[in-house]
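Visitor: I would like to go through this model with you. Could you show it first?

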Amino acid sequence: MSSPAALAGRGVLRRALRHPSFASGGALTLLLVGVAALSLAWTPHSAYLIQVRQRLLPPSGLHWLGTDTLGRDVLSMLMVGAQNSIMVGVVAVSIGLTAGVALGLLAAARRGWVEEAVMRLADFGFAFPAILLAILFTAVFGPSAVNAIIAIGIFNVPVFARIGRAAANVVWAREFVLAARAAGKGRLRITLEHVLPNILPILVVQATIQFAIAILAEAALSYLGLGTQPPNPSWGRMLNEAQTMIFTAPLLAVFPGIAIALSVLGLNLMGDGLRDLVDPRLARAR
C-alpha cells in the first residue's frame, strides 16, 4: 500500500506531465542536459581538431552538420558547447541564489534600515547589467569564462534579493509565523524553519528563468569575446566566427542560433509551467 506522500508525489507528477508548457519545456531541457552528458563520453569528432583541408564542408554522413572555417566538426562543437552553457548557468544562478536569497531573507527578518539598505543595494546592482560587469571584469582581470560567470552571478543577486524579500514578507505576516514568534522562537529560527521552506517553490521557478537568462548572457558575452576563450567551444563564439561567412556558409550561424533558442525556450517554458504548478490560481486566471 502506497503512503500518502507517495500518492501525492505521483499526483503532482501526473499534473506536471499533463501541463503542456512544463512538458514541452522539460523535454527541451532534458535534451540540452542529455546532449551535454553525452558529449562527456562521445562526440562524432574531436571538437578541438583543426583540419583546414576540410573547412566549410556541407552536412554529410561524415560531418552531420558540416565543418566550420577551420575544419572543425560543427555538431561536436555544439555538443561540447552545451557543457559550457550548463556550467555557466548552474554556477551563475547558484551565486545569485545563495547571496540574493540570504540578503532578501535578512531584509524581511530585520526590516527597518536593514531592509532599506538591502533594497537600495539591489537597486544599485540593477544599474550594472551582466555585459557591463563583464567589461569591467575584463578590463581588470582579462576575458575568461570565470569572469563571465562571476559577472552573470552578481547580476542575479539583486533579482533573487528582491524576490526573496517580497515572498518572505508575505510569509512573515502569516498566522503560523505569528504563533512561532509568540512561542519565543528567534528570527533566525523562524526564517530557517518556516519562511525559507515556504518560499522555496517561488525561488525554484525564478532560478529556472534566470538559468535561461544566464545561458543567453553567456552567449552574448562569448560573442563579444568576453566569455569562454578559444579553444573551448561556445555557442556565442560560434556565432561570432560565423558572421563573416554569413553569405558563404549561412548554416554556421543557423545551428548555434537554434541551439541557443531551443535551450532558452525550453527553460522559459518549464519555468512558466512550474509557476502554474506552484500556484494553480495563475493558470486559472489566464
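**Discussion of the model**

Visitor: What should I know about the source?
Guide: This is a predicted model, in which local features need pLDDT of at least 70 and side-chain atom pairs count only at pLDDT 80 or more, while totals for chains, interfaces and linings use all residues. Residues are numbered from 1 along each chain as its sequence is written, and side-chain values use heavy atoms, with hydrogens and water left out.

Visitor: How many helices and strands are there?
Guide: The protein has 11 helices and 0 strands (DSSP runs, H or I of at least four residues for helices and E of at least two for strands, numbered from the N terminus).

Visitor: And what percentage of residues is buried?
Guide: Of the 286 residues, 44% are buried, meaning under 20% relative accessible area with a 1.4 Å probe, protein chains only.

Visitor: Turning to α8, what does it span?
Guide: Helix α8 (residues 187–223) spans only 46 Å between its end C-alpha atoms, whereas a straight helix of 37 residues would span 54 Å at 1.5 Å a residue. The expected span is 1.5 Å times one less than the number of residues.

Visitor: Where is the kink in α8?
Guide: The kink, about 45°, lies at Leu196, shortly before the proline Pro197; the bend is the angle between axes fitted to the seven residues ending there and the seven starting there.

Visitor: What follows α8?
Guide: Gly225 follows α8, with a positive phi near 85°.

Conventions:
Buried < 20%, exposed > 50% of the residue type's maximum accessible area, 1.4 Å probe, protein only.
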